[in-house]
Amino acid sequence: MGNVIIGTGSYLPEQVVTNADIEADAEDFSREKAHGASMDQWAREHHGGVTRHHVAPGEATSDMATQAARRALADSGVHIKDVDLIVMSTVTNDYRLPQAAGIVQANLGSKAKFIQVDAGCSGFVDSLMVANGLMETEGYETALVIGADTLTYFNDPKKFMPRTVFGDGAGATVLHKKRDTDYGVKSFSTGSDGDLGDYVWVPGGASKKPFSQDVLDNGLHYWRFRFPDIYTWAVERMTRCTLEVVKKSGLTLDDIKWVVPHQASVNIVLDVAKRLELPEEMFIITYPHTGNLSSASIPIALDEANSQSKFNDGDWLVLPAVGAGMAWGAVTYRWHDYKAGRNGHAGANGSSGGG
Amino acid sequence: MSAVIIGTGHDLPEQVVTNDELEAMGVGYDRARAGGKSLDEWVMARTGVHLRHRARLGVEGSSDFGTRAAQKALAMAGLKGSDLDLIIMSTYTSDHRAPNSAAIMQDNLDATCKFLQLDGACPGFVDAVILADAMMQFMNVHTALVVSSDITTLYCLPTDFMMMTTFGDGAGAAVLRREPGSPYGVKAHVTGTKGSIGKALWVPGGGTKEPPSFEVLAQGRQYAQWSHKETYAFATEKLAEGIVQVAERAGWSLDEVKWYIPHQAGRNIALDAARNVGQPAEKFIINIDHTGNTSGASIPIAMDEANRAGRFADGDKIILSAMGAGLAWGAVALVWYDPARAAAEGKHP
């Protein structure tokens with residue numbers, strides 16, 4: 001097989017926002033309209049959100065990404081000078097230019113080639129695919145693959161729903177090229193539905209409707225969702241790409257130990273579990289305390305589960321993602337217990353049983 | 001490396017603005033300080049931009065020009081959108097944060113394939129070609145569309161005559177086919193990035209560090225800021241370095257190279273690079289006089305114009321070399337494929 005994860009890291013900003021915090025200043029929520037439910041009850045029932053993290057003033061995407069990357073590097077034992085590729089996905093660049101990936105490169109003191117993928121919730125799987133493609137065909141050996149987003153940036157303060165769904169955060173993995181190994185990235189199944197582009201829409205603040213006083217006054221720089229359409233599409237697509245990638249890998253669902261999904265909501269993930277007839281316990285779910293983190297969802301979930309030693313050597317994982325575009329993708333991955341294989345040489349030998 | 005270009009296209013906005021028109025509008029240019037020279041005289045002696053095309057801001061987005069450029073490239077290749085296996089777009093002026101321009105283009109072209117959008121500026125097309133080449137191989141697919149579309153004028157401060165005269169808007173596209181072992185197509189590439197000097201050419205406001213606000217607008221932070229000296233030096237150095245390094249990787253002597261298609265940052269920059277690498281200026285495709293610097297779109301626009309003017313012959317060794325915001329740079333060495341000529345000589349891609 002191929003490229004193996006030899007380190008994971010994640011970062012959630014310090015400030016935690018509860019449903020009660022949001023209810024305190026929500027303009028469009030009332031307990032009467034919610035049939036007597038509090039915001040907390042409503043959110044837990046409708047999408048599973050309990051808390052989420054917000055960046056501090058002046059803190060932005062590259063700051064979070066840098067922290068996640070540093071933690072992933074520390075976990076891997078790899079020195080930054082040995083990283084030759086940085087692939088990062090975000091829709092919330094620090095500045096229009098340069099790319100946040102470049103700022104991360106500079107922060108880390110790296111000379112690695114950086115490339116930034118402009119993708120939403122499908123972004124981490126997209127970035128993994130880009131990193132793998134470049135590693136397989138262009139000779140890169142060690143990549144930092146990062147998903148980072150400051151999603152609260154798109155939240156209209158007057159709308160309680162997105163404020164309860166979305167959070168800020170970053171996750172990173174260190175990917176290393178291995179030869180003659182049974183571990184690592186196996187297959188991708190990806191695609192796009194551009195005709196459904198208006199499901200997730202930020203009307204203003206970009207080239208079609210540039211940033212102006214009018215955009216500000218009318219809240220055109222906040223996002224709008226077709227939530228019911230998204231829900232149906234997301235469950236269908238996530239189910240489908242999971243099945244496709246498993247089949248493409250020459251496996252069956254019985255071989256899969258863990259599903260680490262992009263988390264648009266707990267309800268979507270649990271519906272997918274039902275469709276696939278897989279037990280909920282197989283799904284790594286962090287949404288209740290992180291919210292929907294777009295590109296950062298999967299790598300953060302991966303890192304949290306990894307830190308809790310959930311993955312055993314040889315476990316098959318599926319990472320499915322669906323998101324804005326609309327776009328989707330899934331990847332199968334055979335977990336390597338890289339820490340057990342270390343003999344003081346970070347990730348170099350991977351000589352645990354079965355490697 | 002196995003991607004062969006089988007179709008090119010470009011699209012420029014309808015609205016054209018000349019230097020004289022800019023000077024009349026008032027863009028902060030002072031003739032007295034320029035020894036009495038008109039803006040046009042001053043600019044033609046330097047970047048060489050006589051006129052540029054400008055999108056109708058708030059009406060036209062990057063996907064509009066990208067779609068038309070792509071349609072022309074597909075037509076040349078004899079293909080439809082549904083024939084595509086992959087779309088890779090580079091832009092820093094996406095129509096929206098979501099959906100991105102690549103999504104809108106996929107829909108416009110009736111394509112059903114995977115799209116990826118790279119957030120990048122001037123080196124964007126080279127990055128996208130390198131990525132398309134790699135991804136076609138990795139995904140085991142055969143036909144990719146690469147598009148760069150940039151509305152650079154969006155970020156030009158109206159009172160900065162350097163920005164207002166240098167930049168223009170437009171889109172360029174190429175259809176690539178994977179042909180392993182072909183004598184044609186991409187033969188080598190080099191690429192580099194240096195994020196530590198990223199603020200030499202940046203757009204501070206409107207992102208997550210300086211979110212949209214009245215203050216950002218009042219201070220003009222939504223416009224680009226540009227360190228001219230630093231970027232000029234960087235541009236001439238990297239344009240030349242990319243050429244030399246990619247030729248070496250391809251195993252070519254510079255004398256074998258028929259054409260250089262530089263990112264159109266300025267006529268002066270391209271001529272400086274030509275001198276630096278010891279190659280005749282005539283080999284450099286320079287069309288900036290009527291396009292301005294269109295960021296990532298500049299190379300595919302220049303390539304398409306030259307292609308349709310019949311400048312490229314079957315088997316020509318061509319080097320694309322780009323440098324810009326990031327800061328980043330890259331170059332691609334490719335062998336030109338002319339279907340009619342190749343067929344006549346019994347050659348296949």
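In which sense do strand β12 (residues 316-323) of chain A and strand β13 (residues 327-334) of chain A pair, and over how many bridges?

Author: The model is predicted, so local features need pLDDT of at least 70 and side-chain atom pairs count only at pLDDT 80 or more, while totals for chains, interfaces and linings use all residues. Residues are numbered from 1 along each chain as its sequence is written, and chains are lettered from A and ligands numbered from 1 in the order in which they are written.

Strands β12 and β13 of chain A are antiparallel, and 8 bridges join them. Here strands (E, at least two residues) and helices (H or I, at least four) are DSSP runs numbered from the N terminus, and two strands count as paired if DSSP finds at least two bridges between them. Among these bridges, A:W316 has A:R334 in β13(A) as its partner.

The two strands belong to an open sheet of 4 strands in chain A, ordered β8-β13-β12-β11 and with mixed pairing. At its edges stand β8 and β11 (256-259) of chain A; each has a single partner strand, so one side of each lacks a neighbour in the sheet. Neighbouring strands of this sheet are turned by 20 degrees against each other on average, direction ignored. For such angles, axes are lines fitted to C-alpha atoms, for helices over the stretch in contact, and the values run from 0 to 180 degrees between N-to-C directions.

Chain B has a sheet with the order β8-β13-β12-β11, again open, of 4 strands and of mixed pairing. Its edges are β8 (185-193) and β11 (259-262) of chain B, each with a single partner strand, so that one side of each is left without a neighbour in the sheet. Strands β12 (residues 317-324) and β13 (residues 328-335) of chain B run antiparallel and are joined by 8 bridges; B:I318 has B:L334 in β13(B) as its bridge partner. Helix α5 (residues 124-139) of chain B lies across β8, β12 and β13 of chain B, at about 55 degrees to β13(B).

In chain A, domain 1 covers 4-176 and domain 2 covers 184-334. The C-alpha centres of these two domains of chain A are 13 Å apart. Between them, 42 residues of domain 1 of chain A are in contact with 43 residues of domain 2 of chain A, where contact means that the C-beta atoms of two residues, placed from the backbone, lie within 7 Å. On the side of domain 1 of chain A that touches domain 2, α5(A) provides the largest share, 7 residues. By class, that side has 18 nonpolar, 20 polar and 4 charged residues; Ala, Val, Leu, Ile, Met, Phe, Trp, Tyr, Cys and Pro count as nonpolar, Asp, Glu, Lys and Arg as charged, and the others, Gly among them, as polar.

Chain B is divided into domain 1 (3-178) and domain 2 (186-344), with C-alpha centres 13 Å apart. In chain B, 48 residues of domain 1 are in contact with 44 residues of domain 2. Elements that each supply at least two residues to the side of domain 1 of chain B touching domain 2 include β4 (86-91), α5 and β6 (143-151) of chain B. That side comprises 24 nonpolar, 18 polar and 6 charged residues.

The chains also meet one another: 58 residues of chain A and 55 residues of chain B take part in the contact. Helix α5(A) gives the most, with 8 residues. The side of chain A that touches chain B divides into 25 nonpolar, 22 polar and 11 charged residues.

One further element deserves mention. Helix α3 (residues 62-77) of chain B has 16 residues and should span 22 Å at 1.5 Å a residue, which agrees with the 22 Å between its end C-alpha atoms; the expected span is 1.5 Å times one less than the number of residues. Of its 16 residues, 13 are buried, a term that requires 20 or more other C-beta atoms within 10 Å of a residue's own, with exposed meaning 12 or fewer, partly exposed lying in between, and C-beta atoms placed from the backbone. Just after α3(B), B:G78 adopts a positive phi of about 70 degrees.

Technical notes
Domains from an automatic or database assignment.
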